[in-house]
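Hi,

Here is the model I said I would pass on.

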2 protein chains.
Amino acid sequence: MTPYESLCSLAREIALLGSTASVLGWDQETFMPPGALNYRAQQLSSLSAKAHALATGRRFASLLEKAEAQTDSLTPTQMANLREWRYERDRAARIPTALVAEESDVTTHAKHAWAEARKRSDYSLFAGHFAKIVQIARRKATLWGFKDEPFDALLLGYERGATTRAIAELFGKLKPKLVSIAKQATERSRSIHAGILRGNYPIAKQQQLNQEIAESIGFDFQSGRIDTTTHPFCTTLGPNDVRLTTRYDQADFTSSLFGVLHEAGHGLYEQGLPNPDFGLPSGTAVSLGIHESQSRLWENHVGRSEVFWEKWLPRAAQLFPNLRKIELADFLQAIHRSEFSFIRVEADEATYDMHILLRFELERSLLNGSLEIDSVPTAWNKAFTELFGKNPPNDANGCLQDIHWSMGGLGYFATYTLGNLNAAQLFQAAQKDKSVTSGIKAANYQPLLQWLRKRVHAKGSTLLPAELITEATGNPLDPAPYLAHLRNRFTR
Amino acid sequence: MTPYESLCSLAREIALLGSTASVLGWDQETFMPPGALNYRAQQLSSLSAKAHALATGRRFASLLEKAEAQTDSLTPTQMANLREWRYERDRAARIPTALVAEESDVTTHAKHAWAEARKRSDYSLFAGHFAKIVQIARRKATLWGFKDEPFDALLLGYERGATTRAIAELFGKLKPKLVSIAKQATERSRSIHAGILRGNYPIAKQQQLNQEIAESIGFDFQSGRIDTTTHPFCTTLGPNDVRLTTRYDQADFTSSLFGVLHEAGHGLYEQGLPNPDFGLPSGTAVSLGIHESQSRLWENHVGRSEVFWEKWLPRAAQLFPNLRKIELADFLQAIHRSEFSFIRVEADEATYDMHILLRFELERSLLNGSLEIDSVPTAWNKAFTELFGKNPPNDANGCLQDIHWSMGGLGYFATYTLGNLNAAQLFQAAQKDKSVTSGIKAANYQPLLQWLRKRVHAKGSTLLPAELITEATGNPLDPAPYLAHLRNRFTR
């Protein structure tokens, strides 16, 4: 075996451990009895210790060096794999084991403290832990190094090639436009009756409809399934094993359905990655911002469109008699209804990104030291009021609402809005293809899926996110398609 | 750490890998999408290779030697752990790695060939594979060593301390008595209408009843659950995580219910093992014959008794209206109805052991060379006709019906009848305890469970099976209680 081949084999061994951990994680969220929690944590940490030892061990490093010295016969894909391994390896090598252990310890306690703080809506219970988390994040940023500001280094953990400056510029331009769209959308929605879709939707029938729809957009149930959890997610347990979850509201079938469309978007990406490269960068999704583009594309651009419901509303009405009286136009109005929410995860399409912009700015200020930990609630409420015109009633509905910070996930939020921008740009570009356009007109999404398979899914991590978007759409990231989509849906 | 403590820690590490494999195995049988099969096999073999390397590696051997040299301060339980580790280690060490690999290869092919052979009812498709399996079994027996005959060495893999001679003597005595009981049972059953329990039993309501009953006998759903599979089983994924499965017949609720009682019997044993010793012999079930005693005790002695249904038939009738007209006496007659079956897994309590006796004798003859592979179908049919008075119509309903031989499981079957004998002897002995007896009279099985917890479950593998039975019941294994139970139920 060449050093490159040995490296692939070692990477696959690490992926076997990682995907085994994913099986355990999936079971923990779906079916595991509560008493099993402590032992499950031991099983998981044993696996992750083994995977970590292989990924950061001498053998990997030495094979990588040897492979980098023998690149003559390597393909561009193989070169991309070396590039990604080198990047991950160097990033990992800069963080001492003691700091990894310290962060794990701090976040374990912080998660408990956050849950309690949110329950009591008492930020003081979380502030001390949060201070430690921000301090660790700064130390990591210093160890990793950064060009302009510490936030750069954190961002790269979620979005390869992204810079704080570029995102700040982008979000800065977006902000007044998003605020204006959101205002129009929410004002216009006041006259829409919120309750017309409320009814009795038996869960078995919701599952039936969700399965039919997921299948129709191309999700392969031979290599995947849908289960029920409190917090919906998509996880990959192997190259032909993608598990989605959703949650059911007996009074509103759209809750589970849009959840399934969102997670199936993630799932289609995972199912479309090159199977033989499972465990290699070329068989791995490239970034959160690209991943989220796939979920938002299927959820919002496809799943909330008129043509989609022209096809599916009659089928839904077969399953749910109370839909039989509802006209397509009223149904669309109901699912496009917009309302300001204090809570990000309850926000609709027209108001969602404002929640992200707020978090991005606060995180950035925390990292560069211009915002103190103790001032976070005040800063949050001030920013929220500026954006939404309302003051959060308490911190549980304000700065304590998300779990991300308690897990050390500073830098993560920005990728949600990047996902929305990427989704709109990809969806617009795909429609330059005539078969995609005529497919969409007939609610046949196979051509669209094939377009995404070829230009996004099949690429794995061989292109950086910005390269992928430019190659797939012909242009660098551009907010215009997303703004046009929002205006079209919410202001006309 | 002392060598004994280091050994415990290594054993727990091996158990973490083994129990992780159990999570993967459980998922494979219950929920895994079909496309995931190949990669799941890779995940499992990676885990078992790691566990095998630790269990047979130098570190384990050297710690074991050191621990055996420092036994002064060890408790009897700790001494028993050393005894079991030494036994397993020496047994494993005698089989060269090449033979393990050869057996794995042979059985992988044999399982496929067996499935095809059974489907076509064509023994010739399996015979060549079976010959290899028997040859490997003989080589293993020679490597392990044996006192009287090769079958001894195989038996010990399932039932510590058992000898072929003792079992042959026991089964020889049982045979005419079992045949006589089975004849009376089946003859008497001819007048019992087979169909009175047939009806429409919605699966959700069967699940409700099964859960209530499993809970009432003490199965802890905080540390376990019940799912659906084609072949019911019980598996342990961790010290507080015992998963049962059953299958549902919409027309007969007793099918899933007795399946749950059987598997819950296994599950109660697993849940009753000493939790802190998970992964050590003292926290592990001692043998198949003892395990099967727990499943058969709850399924047959408890679950098919009059007092049990005095309590549960009214509850079942609340859930299933068609039971409301059925008298307790008729219900009991129906669940005690006996009929000869060609298929072991469909056999009832009165005829089951004859299937085992037949297999035990054939296996023994194959191992000591007095029966040729090609003569198995003839020998099977001859023995079957002697026992049951009927000739199997074909090999699919004869010598090809069970998967065990294709997996190399020679010696396994005997433990089913040992389980029946152990169950009856334990159930009889438990009733010498007044609280157990008065509990049973009121269909309150907590005292019985406590009795079993103390005398069987809590022992783990610290006692050999024969010692456990003698200590728990005051007598060595004795077929009288089982025969009395069968006569009482089927001939009065």
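First, a term: I call a residue buried if 20 or more other C-beta atoms lie within 10 Å of its own, exposed if 12 or fewer, and partly exposed in between, with C-beta atoms placed from the backbone. Keep in mind that this is a predicted model, where local features need pLDDT of at least 70 and side-chain atom pairs count only at pLDDT 80 or more, while totals for chains, interfaces and linings use all residues. Residues are numbered from 1 along each chain as its sequence is written, and chains are lettered from A and ligands numbered from 1 in the order in which they are written.

Chain A overall: it has 20 helices and 3 strands (DSSP runs, H or I of at least four residues for helices and E of at least two for strands, numbered from the N terminus). Of its 492 residues, 44% are buried. Its C-alpha atoms fill a box of roughly 65 × 50 × 50 Å along the principal axes.

One helix I looked at is α18 (residues 446–455) of chain A, whose buried residues are A:L448, A:L449, A:W451 and A:L452. They sit on the same side of α18(A), because they cover an arc of only 155° around the axis (the arc of the directions from the helix axis to the C-beta atoms). Their cover includes α10 (253–272), α16 (414–430) and α17 (434–441) of chain A.

Now the domains, with bounds from an automatic or database domain assignment. Chain A gets domain 1 (3–93) and domain 2 (203–336 + 415–490), with C-alpha centres 28 Å apart. In contact there (C-beta atoms, placed from the backbone, within 7 Å) are 17 residues of domain 1 and 15 residues of domain 2 of chain A. On the domain 1 side, α1(A) gives the largest share, 12 residues.

And the two chains? A rotation of 180° with 0.0 Å of shift along its axis puts chain B on chain A at RMSD 0.0 Å (least squares on the C-alpha atoms of residues with pLDDT of at least 70 in both). The two copies are therefore related as by a two-fold rotation axis. The contact takes 28 residues from each of chain B and chain A. On the chain B side, α1 (3–30), α2 (37–56), β1 (224–228) and β2 (234–238) of chain B are the elements giving two or more residues. The copies meet through the same surface, because 100% of the interface residues of chain B are also interface residues in chain A.

Cheers

How values were computed
Two residues are in contact if their C-beta atoms, placed from the backbone, lie within 7 Å.
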